[in-house]
Amino acid sequence: MLNTGTVSVSQYREKTVGEIMRPLETLSAVSARTTIGDAVYLLCHNLASQGEAMPYLLVFDHKKLVGLVGAEQLLAAADPPGLKNDWYRGWNVTNWCEPDFLEGIFAHRCLEAAGKQVGDVMQPLREGLKPGDSLAKAVYSFLRRKTDLLPVQKNGQVVGVVRRLDVLYEMGKLLGG
């Protein structure tokens with residue numbers, strides 16, 4: 001039950017992004033040259049052992065963080081051909097009809113994608129937040145960029161990540177949850 005009478009704004013010291021971020025060394029990572037098959041195995045293993053605490057793998061290329069890969073990117077690698085484009089000659093055909101899904105197409109596409117590299121399907125790293133940024137700026141960035149995870153950068157180097165859920169948990173603490 002919500003208890004809004006517990007904390008007033010004047011009593012609450014708002015944390016910064018740096019205080020709630022997850023340091024890079026605590027997260028699982030792969031090389032951009034890692035195969036999709038190996039990344040799927042590692043991500044599934046992490047999810048089974050840690051729950052959904054971090055449903056992404058960090059992607060490094062030559063010791064530099066270049067992106068993220070999660071379920072959305074890995075599943076997109078197995079998306080049947082012809083379904084990737086919602087537009088045809090200027091018309092949005094997304095809801096016109098459902099395509100035929102042939103038996104075995106999922107297995108075939110998974111096996112076909114398994115040898116491809118993570119660097120080909122990853123979500124490239126976007127400009128992130130700074131450790132001293134406010135949580136209000138984090139919320140704005142999450143909603144504006146339509147992402148669940150943002151890098152935290154200090155002096156041009158990525159030092160951690162902050163998840164949308166981390167900010168939600170902080171909101172829960174503020175509201176007495």
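I looked up what lines the largest cavity and got Leu68, Gln123, Pro124, Leu125, Arg126, Thr147, Leu149, Leu150 and Pro151. The elements giving two or more residues to that lining are β7 (123–124) and β8 (149–154). β8 supplies the largest share, 3 residues. Element names follow DSSP runs numbered from the N terminus: helices are H or I with at least four residues, strands are E with at least two.

Ground rules, before I go on. This is a predicted model, where local features need pLDDT of at least 70 and side-chain atom pairs count only at pLDDT 80 or more, while totals for chains, interfaces and linings use all residues. Residues are numbered from 1 along each chain as its sequence is written, and side-chain values use heavy atoms, with hydrogens and water left out.

I sorted the cavity lining by residue class and noted 6 nonpolar, 2 polar and 1 charged. For that sort, Ala, Val, Leu, Ile, Met, Phe, Trp, Tyr, Cys and Pro are nonpolar, Asp, Glu, Lys and Arg are charged, and the others, Gly among them, are polar.

How many cavities of 30 Å³ or more does the structure hold? I found 1, and the largest cavity has about 50 Å³ of space. A cavity here is a set of points on a 1 Å grid over the protein atoms alone where a 1.4 Å probe fits but cannot get out, and lining residues have an atom within 4 Å of a point. Points are joined across faces, edges and corners, and the volume is the space filled by probe spheres set on them.

Next, backbone angles. His62 is not a glycine, yet its phi is positive at about 55 degrees. I placed His62 in the loop between β3 (56–61) and β4 (64–70). Lys146, also not a glycine, has a positive phi of about 50 degrees, and sits in the loop between α5 (135–145) and β8.

Are these two buried or exposed? His62 is exposed at 67% relative accessible area, and Lys146 is exposed at 73%. My cut-offs: buried is under 20% relative accessible area, exposed over 50%, partly exposed in between (1.4 Å probe, protein chains only).

Then cysteines. I counted 0 disulfides, a disulfide being a pair of cysteine sulfur atoms within 2.5 Å. Cys44 is partly exposed at 46%, and Cys110 is partly exposed at 29%.

Last entry: His108, in helix α4 (residues 105–113), is partly exposed at 47%. I noted His108 and Ala78 as 30 residues apart in sequence and 8.4 Å apart in space, C-alpha to C-alpha.

Methods:
On a 1 Å grid over the protein atoms alone, a cavity is a set of points where a 1.4 Å probe fits but cannot get out, and a pocket is an open set with protein on both sides within 12 Å along at least five of seven lines; lining residues have an atom within 4 Å of a point.
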